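Here is a short report on strand pairing and on one residue within it. Please keep the sequence and the model in view while reading.

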Amino acid sequence: MTVYYMVRRAGTHKTKLYPECDIASSVYIGKDVDIKHNVTIRDDTSIGNNVYIGYHVYIGKNVSIGDDVTIKDYAVIRDGSSINQGVSIGTRSYVGNNAMVSDHVTCGQDSHILDGAVISSKVMIDRDVIIGMDAVIGARSIIGAHARVSDDVSLANDMVVKTGTRIIK
């Protein structure tokens with residue numbers, strides 16, 4: 001297996017870029033980033049420091065990814081989204097166009113944050129959750145597994161949505 005290293009600042013920081021990636025020339029990649037096989041990153045995207053991007057990930061145009069972020073295998077992050085520092089995006093998860101995921105959010109596997117949704121800081125989203133278009137999830141909330149939050153719903157801070165719950169506007 002061949003691993004390509006992008007050496008920055010006289011060799012003090014290394015970014016690992018594995019084969020078969022398609023990364024646009026206008027993409028900014030920070031220090032100590034690990035990009036696995038078969039990753040696609042489109043134009044004008046910015047990736048912070050200490051970021052892990054798993055296998056077969058797709059990142060669209062004009063996406064901003066902060067420091068200390070983990071994006072696991074087969075995730076999709078659509079155009080114009082913002083992923084802030086300390087975020088973990090689970091395997092096979094989806095972040096829609098122009099969605100915003102704030103600091104220290106954990107998004108479980110197979111979860112979907114749809115277009116325009118806003119996830120405030122320190123939110124825990126369990127597996128197989130769908131957050132609707134333009135929905136807003138307040139800070140320090142917990143969304144249980146298999147929950148559904150419909151389009152345009154706003155949840156206050158410190159909310160707990162139990163497993164399997166459906167919140168409809």
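## A facing pair

I23 stands opposite I41 in β6. The model is predicted. The two strands concerned are β3 and β6, the latter made of residues 40-41. They pair in the parallel sense, over two bridges.

## Residue I41

I41 is part of strand β6. Is I41 buried or exposed? Its relative accessible area is 0%. Buried means under 20%, so I41 is buried.

Which residues does I41 touch, leaving aside its neighbours within four places in sequence? The contacts are D22, I23, A24, V27, I35, I47, I53 and I59. I113 sits 72 residues from I41 along the chain. The C-alpha atoms of I41 and I113 are 19 Å apart.

## The nine-strand sheet

β3 and β6 belong to an open sheet of nine strands. Its order runs β3-β6-β9-β12-β15-β18-β21-β24-β27, and the pairing is parallel. The edges are β3 (22-23) and β27 (166-167). Each has a single partner strand, so one side of each lacks a neighbour in the sheet.

Strands of a sheet pair through backbone hydrogen bonds, in either the parallel or the antiparallel sense.

## The eight-strand sheet

An open sheet of eight strands also pairs in parallel. Its order is β4-β7-β10-β13-β16-β19-β22-β25. β4 (28-29) and β25 (154-155) are the edge strands, and each pairs on one side only.

Within this order, β7 (residues 46-47) and β10 (residues 64-65) pair in the parallel sense over two bridges. Which residue of β10 is the bridge partner of S46? The partner is S64.

Note on methods
Residues numbered from 1 in each chain as written. Predicted model: local features only at pLDDT ≥ 70, side-chain atom pairs only at ≥ 80, totals over all residues. Heavy atoms only, no water. Pairing = 2+ DSSP bridges. Helix = DSSP H or I, 4+ residues; strand = E, 2+ residues; numbered from the N terminus. Buried < 20%, exposed > 50% of the residue type's maximum accessible area, 1.4 Å probe, protein only. Contact = heavy atoms within 4.5 Å.
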